[in-house]
Amino acid sequence: MAFRSSSSSSPVLTVFELEQLLYKGKCTCNHADEVWPNLYLGDQQMADNRSGLSRLGITHILNCAHSKWRGGADYYKGMGITYEGIEAHDSPTYDMSVNFNLAADFIHKALSSGGKILVHCAVGVSRSATLVLAYLMLRQHMTLVDAINTVKERRGIIPNRGFLRQLSNLDRTLHGRHRI
């Protein structure tokens, strides 16, 4: 499977233009899709499937919909899985940007150690997708447009408008570009 590298020539798009980009390309999802080498984006059903996780060789899990009432690190005892939970809400008013560096660091450590990571939330299209996009921007030096295109080749995603605004702000910070 070929994975594309980023280009620094991508324009900064409005949230509406980003949504239009998200509506193109792959719109279906499996319970987990490999969107970058050894980086899987998925849903809660895959996170609950211990045999499926073993079959994929998952060594790390980043749960972007962590709650004290369900799952957590204890669920994966004896599986050799390193767990990180982020209690994020899929709401346009939720500040997901406070989790960008934590998530990027966790994903990077998992991949750097030769592991395979599942990043998931409930459905695997908004919260977890947002943090995977942030990882690609922060650690793989992609623009937001390149990160979206990379993930969209393998999985349908649709971060909410608030998350898209936060990713767009990150894009401007990282690449120093402004809309004309």
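Guide: Begin with the word contact, which here means heavy atoms within 4.5 Å. Keep in mind that this is a predicted model.

Visitor: Which residues does Val 15 touch, not counting residues up to four places away in sequence?

Guide: Val 15 touches Arg 161, Leu 164 and Arg 165. Val 15 itself has its place in helix 1. Along the chain, Val 15 and Arg 165 are 150 residues apart, and 6.3 Å separates their C-alpha atoms.

Visitor: Is Val 15 buried or exposed?

Guide: Buried means under 20% relative accessible area. Val 15 has a relative accessible area of 16%, so Val 15 is buried.

Visitor: How much of the chain as a whole counts as buried?

Guide: The figure is 51% of the 180 residues of the chain. Contacts can be summarised for the chain too: of those with a separation of 6 or more, 75% are between residues 24 or more positions apart.

Visitor: How many helices and strands are there?

Guide: The chain has seven helices and five strands. In sequence order the pattern is α-β-β-α-α-β-β-α-β-α-α-α.

Visitor: How is the packing of two helices described?

Guide: Two packed helices are described by the angle between their axes and the distance between those axes. Take helix 1 (residues 15–22) and helix 6: the angle is about 20° and the axes are 10 Å apart. Angles under 35 degrees count as roughly parallel. Helix 1 and helix 6 are therefore roughly parallel to each other. Their crossing is right-handed.

Visitor: Which residues in helix 1 and helix 6 meet?

Guide: Helix 1 brings Leu 18, Leu 21 and Leu 22, and these meet Leu 144, Val 145, Ile 148, Asn 149 and Lys 152 in helix 6. Sorted by class, this contact has six nonpolar residues, one polar and one charged.

Visitor: What are the angle and the axis distance for helix 5 and helix 7?

Guide: The axes of helix 5 (residues 127–139) and helix 7 cross at roughly 5° and come within 11 Å. On the helix 5 side, the contact is made by Arg 127, Thr 130, Leu 133, Ala 134, Met 137 and Leu 138. On the helix 7 side are Phe 163, Leu 167, Leu 170, Asp 171 and Leu 174. The classes come to eight nonpolar, one polar and two charged residues.

Visitor: Gln 166 is also found in helix 7. What is Gln 166 in contact with, leaving aside neighbours within four places in sequence?

Guide: Gln 166 is in contact with Pro 92, Tyr 94, Asp 95, Met 96, Ser 97 and Phe 100. Gln 166 is buried, because its relative accessible area is 13%.

Visitor: Where does Arg 154 lie, and why does Arg 154 count as buried or exposed?

Guide: Arg 154 lies in the loop between helix 6 (144–152) and helix 7 (161–175). Its relative accessible area is 11%, so Arg 154 counts as buried.

Visitor: What does the side chain of Arg 154 reach, and with which side chain does Arg 154 make a polar contact?

Guide: A polar contact is a pair of N or O atoms within 3.5 Å. At 2.8 Å, the side chain of Arg 154 reaches the backbone oxygen of Thr 150. The side chain of Arg 154 also makes a polar contact with the side chain of Glu 153, at 3.1 Å.

How values were computed:
Residues numbered from 1 in each chain as written. Predicted model: local features only at pLDDT ≥ 70, side-chain atom pairs only at ≥ 80, totals over all residues. Heavy atoms only, no water. Helix = DSSP H or I, 4+ residues; strand = E, 2+ residues; numbered from the N terminus. Buried < 20%, exposed > 50% of the residue type's maximum accessible area, 1.4 Å probe, protein only. Polar contact = N/O pair within 3.5 Å; in protein donor to acceptor, adjacent residues only side chain to side chain. Axes fitted to C-alpha atoms, helices over the stretch in contact; angles between N-to-C directions. Parallel < 35°, antiparallel > 145°, perpendicular 65-115°, else oblique. Left-handed = near helix turned anticlockwise from the far one by under 90°. Nonpolar A, V, L, I, M, F, W, Y, C, P; charged D, E, K, R; others polar.
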